[in-house]
Amino acid sequence: VPLDPDEHGRVTVSRAISTGALDCKEIVFSVDEEATKNRSASSAFYVASICRDGTAWKWASAEPATERWGALQ
């Protein structure tokens, strides 16, 4: 599933949701920031759903664009 190529973090499947032709997963992923001279290292965690579309996995919910989420976080 595509994320911002400039970011890095971890992804874990927290739940598989599969019934017949429906093949989805709930994932928990982090966006990790390395420590710099002026900032400590940090991680932010998010939950999303992805579903299989043929041979590719695609976002089942809105693509995570945290800047646009505002108060919804």
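Which residue's side chain does Glu26 meet in a salt bridge? The partner is Arg15, and the N to O distance is 3.3 Å. The two belong to distant parts of the chain, with Glu26 in strand β2 and Arg15 in strand β1, 11 residues apart. A salt bridge here is a side-chain nitrogen of Lys or Arg within 4 Å of a carboxyl oxygen of Asp or Glu. Strands (E, at least two residues) and helices (H or I, at least four) are DSSP runs, numbered from the N terminus.

A word on the source: this is a predicted model, in which local features need pLDDT of at least 70 and side-chain atom pairs count only at pLDDT 80 or more, while totals for chains, interfaces and linings use all residues. Residues are numbered from 1 along each chain as its sequence is written, and side-chain values use heavy atoms, with hydrogens and water left out.

**Salt bridges**

Side chains of opposite charge can pair when their charged atoms come close. Searching the whole structure turns up 5 salt bridges, including these:

| Asp32 | Arg10 | 3.1 Å |

For accessibility, buried means under 20% relative accessible area, exposed over 50%, and partly exposed in between (1.4 Å probe, protein chains only). Arg15 is partly exposed because its relative accessible area is 45%. In the Glu33 and Arg39 pair, Glu33 has 35% and so is partly exposed, and Arg39, at 40%, is also partly exposed.

**Around Asp32**

Asp32 lies in strand β2 and counts as buried because its relative accessible area is 14%. Leaving aside residues up to four places away in sequence, Asp32 touches His8, Gly9, Arg10, Ser42 and Ser43, where contact means heavy atoms within 4.5 Å.

**The nonpolar core**

Ile27, Phe29, Tyr46, Ala48, Ile50 and Trp59 make up the largest nonpolar core, with 6 residues. Strands β2 and β3 (42-53) each supply at least two of its residues, and β3 gives the largest share, 3 residues. A nonpolar core is a set of buried Ala, Val, Leu, Ile, Met, Phe, Trp, Tyr and Cys residues joined through side-chain atoms within 4.5 Å.
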